[in-house]
Amino acid sequence: MKKTKDILWGGATASSQYEGGYKEGGKGLDTQDCRPYLKRTSDATTSTRLLTQDIIDEAKKCEGIGHYPFRQGSDGYHHIDEDIALLKELGIDIYRFSISWARLYPQGDEETPNEEGIKFYDHIFKEVHKAGMKIFLTMNHYAVPLYLVEHYGGWTNRKLIEFYERFATVVFENWGEYIDYFLPFNEINAGYFSPYNGVGLVKEKDQSYNQTLVFQSLHHQFVASAKTIKIAKKLSPKSQSGCMVACFCYYPLTSTPEDNLKAVRDEEIHQWFAVDILANGHYPSYMDRFFRENDIHLTITEEDSELLKKYTCDFVSFSYYSSSIATCKEDGQQTAGNLVVSTKNPHLKASDWGWQIDPVGLRIMLNKMYDRTQKPVFICENGLGAHDIMEDGLIHDPYRIDYLEQHFKQIDEAIDDGVDVIGYIMWGVIDIVSAGSCEMEKRYGVVYVDANNLGQGTYKRYKKDSFKWYHDFIENKHKQFN
């Protein structure tokens, strides 16, 4: 008999991908508002992450939605009550959502918050709580007020720690009583792979990113995370703090020692270093060599080190969509993935976007994360991005049901392995604009939103077949333990 347990089952959205209303309620422009939709090519996911100042300048001139999908999102700004009712009907235990920093602080450096933004989120917190769902808050999900990027250099500037403290204080003063779990930053290691998204670093034309600036920016976010936990301990003592990284589950391509070493190093640099800092309270020793060999020089104060040591996270969490291949060879066929491009794994099927589907990889990541930190683990992002077709108001998505079913089996296996799993949160539970490729038509949800990549459509909501399946799954799971 398997030793499984009852865990929290949930769904997630992100403010920049879901809300829309980019000029309503006093909101300022943020970095996501300036990302254009590019007709999909093999490298569209990568190219939309690398924004230069001339692209941003062009985006600022545009007043409409058009080719800027994040400005409309899922039009959640005008559908929030309907969507909360749908989530309640779905029967999820917990809802993960984020706050738009630029909706609370339009520029990011103001002394006082935007009152319209306070009212908007006040309504959301209270309605989600009233609906009986726990709240998993992502405080910053990529989007940085554009003013902070253009006038301060984004997270390259230590001044942003102070602005973020102000933002965090307002969040916990207003809604600390409702927050059950929180993340100061979404996929914090994204700052390494996608500096514009992660830390608001604008790419110089025809030049690579300055690696010292990238990692100094990440350090400022690590410190801001520790300071946020400090604030929460005072203003929201019942809430649990977390750290989150994107996980890639690296396999060596061959049994050669070189490929195996490459897999170890790729995991260390790409996903573990952020976890080691935020969960264990200090920079891991393996980063010394990486910094030295890449001529990276960081400014880390004694106060920074003390904060990181004292204010570590209560739980660890990660996103997982696909596994990756590590190899020293450079001639293998490449395929896309979340944040990274990988050598293709011949043993796996892939989504329409080339992301390799690997349910067992989720079990592997749960075991590795728990073994490494010995802290409870939350799967806070997982799901399938697919082309969904609506006919006569119906959306049949057996491929999504199969994907979820196979991954859920591996969660049970991981729990039986001894991993302390808190819960699972389905990504994009309501269709949202994809963060990687800026597409509405890359759909993750069990709720269909009638809109296309250019912001055209009714934005009406429709339940997919997977809606009923997920509802029944959650209901049956809980019955096993009652």
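Biologist: Which helix gives the most to the lining of the second largest pocket?
Modeller: This is a predicted model, where local features need pLDDT of at least 70, side-chain atom pairs count only at pLDDT 80 or more, and totals for chains, interfaces and linings use all residues. A pocket is an open set of 1 Å grid points where a 1.4 Å probe fits, with protein on both sides within 12 Å along at least five of seven lines, and lining residues have an atom within 4 Å of a point. With four residues, the top contributor here is helix H16.

Biologist: And how many residues line that pocket?
Modeller: Nearest its centre lie Lys349, Ala350, Ile357, Asp402 and Tyr403. They belong to a lining whose residue count is 15.

Biologist: At what angle do the axes of H12 and H13 cross?
Modeller: H12 covers residues 257–280 and H13 covers 286–293; helices are DSSP runs of H or I, at least four residues, and strands are E runs of at least two. Their axes, lines fitted to C-alpha atoms with angles from 0 to 180 degrees, come within 11 Å. The crossing angle is roughly 115°.

Biologist: Which residues of H13 are met by H12 there?
Modeller: Contact means heavy atoms within 4.5 Å; numbering starts from 1 along each chain, and side-chain values use heavy atoms, without hydrogens and water. From H12 come Arg265, Glu268, Ile269, Trp272, Phe273 and Asp276. On the H13 side they meet Tyr286, Met287 and Phe290.

Biologist: Glu187 has a positive phi, but is Glu187 buried or exposed?
Modeller: Glu187 isn't a glycine, yet its phi is about 35°, and it sits in the loop between strand S4 and helix H9. Buried means under 20% relative accessible area, exposed over 50%. Since Glu187 has 3% relative accessibility, it counts as buried.

Definitions and conventions: Buried < 20%, exposed > 50% of the residue type's maximum accessible area, 1.4 Å probe, protein only.
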